[in-house]
Protein chains: 2
Amino acid sequence: MKPIEGGVTAPEGFVASGVYAGLKRNPEKLDCALVMSECECVVAGTFTKNVMKAPPILWTMEVCQRGKAWGVFINSGNANAATGKQGIANVKEMAAFVASCGPFLPSDVCICSTGVIGVLLPMDKIENGIDDCIDTLSKTGGTQAARAIMTTDTVVKERALELELGGKPVKLGAMAKGSGMISPNMATMICVVTTDATIEHDLLTTLLQSAVNQSFNQIGIDNDMSTSDVVLVFANGESGAAEIQAGSPEYAQFAEALMALCQDMAKDLVKDGEGATKFVEISITGTQNDEDAKTIARAIGNSMLCKTAFFGQDPNWGRFACAAGYSGVIFSPEDLTVALEDIVLCRNGQVAQYREEDAAAIMKRPEFTIHVSVGAGAGRGIFWTSDLSHDYVSINADYRS
Amino acid sequence: MKPIEGGVTAPEGFVASGVYAGLKRNPEKLDCALVMSECECVVAGTFTKNVMKAPPILWTMEVCQRGKAWGVFINSGNANAATGKQGIANVKEMAAFVASCGPFLPSDVCICSTGVIGVLLPMDKIENGIDDCIDTLSKTGGTQAARAIMTTDTVVKERALELELGGKPVKLGAMAKGSGMISPNMATMICVVTTDATIEHDLLTTLLQSAVNQSFNQIGIDNDMSTSDVVLVFANGESGAAEIQAGSPEYAQFAEALMALCQDMAKDLVKDGEGATKFVEISITGTQNDEDAKTIARAIGNSMLCKTAFFGQDPNWGRFACAAGYSGVIFSPEDLTVALEDIVLCRNGQVAQYREEDAAAIMKRPEFTIHVSVGAGAGRGIFWTSDLSHDYVSINADYRS
């Protein structure tokens, strides 16, 4: 497995495009993206658990349940969320418009929308955008597509990697957006993964769920779970490699590659978190089970007081201990150990011997890990988070203006 | 029932003081407070649910279980939390020191500490502080005590009120601190209520729990539940009014007064929330039960995206709908109504007809209410919250420096 150039169009048989259709105010940005396969794909997805699921999410969940698709159209600038029956009708119309370009049905097209909630899509602009996207689809269009799905993201997020399965090169590519409203179980994030591997629907769904649980579901920027979060993976089999069989060495290799790609993309999201100046890994051990460890990691990673301490570069471990304490997981304070990288700040629930300047030096790094142990259990969990900065407040106080 | 001047020393038979003992860096501030009754009181308390309970909390919980006390000593500047066995020994020593001033035992003294976590108390300074507090106890010392418990609070928080029970005037007084780390089920807050009513322990405990549930437990500034939160009520019977009997008219009157006092103090905390520029009431109706309504109210009130929208004065109701959607409460999006005061922004899950400038004008007010209904159920709940501002970040990024 090795990283390669590109994103969603790196695997064989995928084309993409990104255009400006007037959904965003700034015409120097792009706001419509299309990613298509040259043949039918197996498709799998994971979706927001928010009960206010946006119409595009409901549509795309149905496509993924059927398990076959040719591609996905994504617009930014408007989430088509909380838009009622008209929002649902608009999604159908978008899928039909995309389907007019090839030998497939509207039901073979995934639709995603991201942006402001509660405003009806300007369908005339959307249809022009779809037209332009279809006209400009190309093998080199992955980056344009990745750019078109950005909202408050400051950098384009795409990655690709290659591995060998049974002697044949197989590629995976990905693009993602999302830098606010990021919370476990998806956020205002969209990630599209493409691969030319050959794999059937149930296997792909299982592998995607596992990869998402250990990547996008363990990141947080502001703990707000959006109405529009989705991770999609399209597998078109164009590599010519044999179909991946459950339990085979190829299965393990592909699972590892998909996991690595999702983890790298998830970290990219946190690093580009709204106003983020730090990337912090919260690593928990010693719980009774992994779920408890994740719960503690999430409480620390989502605490506004911990996140402002990261921003202030202040090794104020009392806040980490405090968040662990209210996470809902029961542990004995005497079993608590808190370390910043290799410096133990708190041992057996009380302050340890360390030099304040050593701890402060670690907090000054752009990336560091906080280790928290709460006992002798075998449970462990990871959470990736950013800091809470002035810029986060500015970005979100001004969002619609 | 009417508001009167003063705080914890307004009721008969209470004295208080506040001094500077060097726990805070700024000698113009106060950091030690003592509130004492001239006779034994019935005492009741509610406490943080954080598993990392600070030693003073554990001590004071025991006092409240026994149900009798003479008063409370409180220091700010240091929470004596995550301080292990030495922290526990220090609390005992503090209680013994206070008990040296009168005809009662260390076990009759409540102890509270608030401030930084994980640092041992400087006991020499604390003992000087207790000495000075004892020497300066007075009938007019309530405000000094209220000032001495402040940490990042910007205003002194004290209130008092008077009612008539069976023809006799009865008074209640209160002081509180806390403007960050505020979350339901207590936060880094301390509230001390005094009353000269006569009431036995179990009744007082029941009334306090009920009052706290509908006041301090429905406020949020940053959703961080501290290791040191406590509400204490001392009743010394010095009004000479007859003992309050369960189910009597006097019981209802006293309950109402205690509730009103706790609600006013809770609102004062939110209004002085770290960096707060807004006081927002989230009012939820239409759920199956009250608990679900509180859950939705809390999700909206604690959402960083909603709170930055409050700060930005942006009637971005999609964020309120989104937070309701991920609260964990199941409802049908078609049943969702969102209103800002009397302006309906969203009806049946989609945008309503309203003028953007009318909604924006309400958001510009220092106080407003957001109404959310999710169906036809009889459940209702309230949450009081502040906005998330640049100053919140500054205050918490710089806390220890």
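Reader: How do helix H5 and helix H6 of chain B pack, and at what angle?
Author: In this predicted model, helix H5 (residues 201-213) of chain B and helix H6 (residues 249-271) of chain B pack at an angle of about 40°, with their axes 9 Å apart. Helices here are DSSP runs of H or I with at least four residues, and strands are E runs of at least two, numbered from the N terminus. Axes are lines fitted to C-alpha atoms, for helices over the stretch in contact, and angles run from 0 to 180 degrees between N-to-C directions.

Reader: Which residues of H5(B) and H6(B) meet?
Author: B:Leu207, B:Leu208, B:Ala211 and B:Val212 in H5(B) meet B:Ala255, B:Leu258, B:Met259 and B:Cys262 in H6(B), where contact requires C-beta atoms, placed from the backbone, to lie within 7 Å. By class, this contact of H5(B) with H6(B) has eight nonpolar, no polar and no charged residues; Ala, Val, Leu, Ile, Met, Phe, Trp, Tyr, Cys and Pro count as nonpolar, Asp, Glu, Lys and Arg as charged, and the others, Gly among them, as polar.

Reader: Changing topic, how many residues does each chain bring to the contact?
Author: Chain B brings 53 residues and chain A brings 52 residues. On the side of chain B that touches chain A, the largest share, nine residues, comes from H9(B).

Reader: And what are the model's scores?
Author: The model has ipTM 0.71 and pTM 0.79.

Reader: What is the mean pLDDT of chain A?
Author: The mean is 91, and 94% of the residues of chain A reach 70 or more, pLDDT being the predictor's confidence in each residue, from 0 to 100.

Technical notes: Residues are numbered from 1 along each chain as its sequence is written. Chains are lettered from A and ligands numbered from 1 in the order in which they are written. This is a predicted model: local features need pLDDT of at least 70, side-chain atom pairs count only at pLDDT 80 or more; totals for chains, interfaces and linings use all residues. Two residues are in contact if their C-beta atoms, placed from the backbone, lie within 7 Å.
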